[in-house]
Amino acid sequence: MTATSPATRLVTAAAREVLRPLGLQQRGRSRTWIDDHGWWLGVVEFQPGRSDGSYLNVGVMWLWQDRDHLSFDAGGREPGFERFVNPAQCALDAQSLARRAAALVRENRARFVDLPSTTAFLTSQKPRPDHFWDGYHAGVAAGLSGRTTTARHHLDRVLAEDAFAPWMVRAQESARRLHALAEDPKAFRAWATATTTSCRRRLELPTGRTAATADYWS
């Protein structure tokens with residue numbers, strides 16, 4: 001068994017003190033914490049570096065994509081790296097990282113409080129070069145909100161991309177299906193619920209909240 005580094009122990013202790021009261025759950029024994037909102041996750045990662053210490057990654061993952069790993073679909077790496085110097089300093093730095101993470105978690109909760117606010121945010125963002133999934137997520141959110149024209153506009157961006165990898169081909173196949181479903185909000189939401197349920201299962205998250213009768217999208 002690999003010994004836990006002093007930095008990891010101190011970062012974990014700080015996260016438990018600061019993030020756990022907010023309702024976040026540690027991902028196993030890792031340096032990753034999740035904030036579960038049913039159809040999206042807040043993700044906090046105290047990422048190790050080459051030297052002992054921690055980066056801070058905070059963002060959001062949309063669960064309407066059938067993945068078996070966590071991702072940062074919004075947000076991501078925060079500036080700086082807290083390098084381990086000695087236990088006392090590391091404990092202070094870990095507390096600072098945890099407090100920064102908590103503030104960002106609160107911001108994401110406020111920004112993505114419901115589907116309308118999430119849709120407004122995703123569909124208002126300017127297209128970013130080399131961010132293939134932005135159009136996909138905006139299209140899904142718009143489709144779930146019953147905004148057919150907007151959904152198809154963003155899904156068209158996905159379909160216009162040059163698919164140079166198998167995962168892009170699969171995403172475009174999904175986008176093409178969603179493009180057709182956009183005229184039928186009930187069918188679109190049924191797809192999203194089924195996909196979210198599958199994603200939660202693959203991530204080993206509780207699935208009771210995503211039963212076939214659940215409606216996250218109201």
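Trainee: In which sense do β1 and strand β2 pair, and over how many bridges?

Mentor: First, the ground rules. This is a predicted model, where local features need pLDDT of at least 70 and side-chain atom pairs count only at pLDDT 80 or more, while totals for chains, interfaces and linings use all residues. Residues are numbered from 1 along each chain as its sequence is written, and side-chain values use heavy atoms, with hydrogens and water left out. Now the terms. Strands (E, at least two residues) and helices (H or I, at least four) are DSSP runs, numbered from the N terminus. Two strands pair if DSSP finds at least two bridges between them. Here β1 and β2 (residues 32-36) pair in the antiparallel sense, over two bridges. Q26 has W33 in β2 as its bridge partner.

Trainee: What is the order of the strands in the open sheet?

Mentor: Five strands run in the order β1-β2-β3-β5-β6, with antiparallel pairing. The edge strands are β1 (25-26) and β6, and each pairs on one side only.

Trainee: How is a pair of aromatic rings described?

Mentor: By the distance of the centres and the angle of the planes. Rings of Phe, Tyr and Trp (its six-membered ring) pair if their centres lie within 6.5 Å; planes under 30 degrees apart are stacked, over 60 edge-to-face, and the rest tilted. A search of the whole structure finds 13 such pairs. One of them is W40 with F112, edge-to-face, at 5.9 Å centre to centre and 70° between the planes. W40 lies in strand β3 (residues 40-45) and F112 in the loop between α2 (87-111) and α3 (115-124), so the pair ties together parts that are 72 residues apart in sequence.

Trainee: Are W40 and F112 buried or exposed?

Mentor: Buried means under 20% relative accessible area, exposed over 50%, and partly exposed in between (1.4 Å probe, protein chains only). Both W40 and F112 are buried. The ring centres of Y55 and F81 are 4.5 Å apart with planes at 55°, so that pair is tilted. Y55 is partly exposed at 27%, and F81 is partly exposed at 22%.

Trainee: Which residues form one aromatic cluster?

Mentor: W39, W40, W62, W64, F112 and F121.

Trainee: Which charged end sits over the ring of Y55?

Mentor: A charge sits over a ring if NZ of Lys or CZ of Arg is within 6 Å of the ring centre and within 35 degrees of the ring normal. R77 has its charged end over the ring of Y55, 4.1 Å from the centre. R67 lies over the face of W133, at 4.8 Å from the ring centre.

Trainee: Which residues of α5 are buried?

Mentor: A151, H154, L155 and V158. Seen down the axis of α5, they fall within an arc of 100° (taken from the directions from the helix axis to the C-beta atoms), so they line one face of the helix. What covers them includes α3, α4 (132-144) and α6 (166-181).

Definitions and conventions: Contact means heavy atoms within 4.5 Å.
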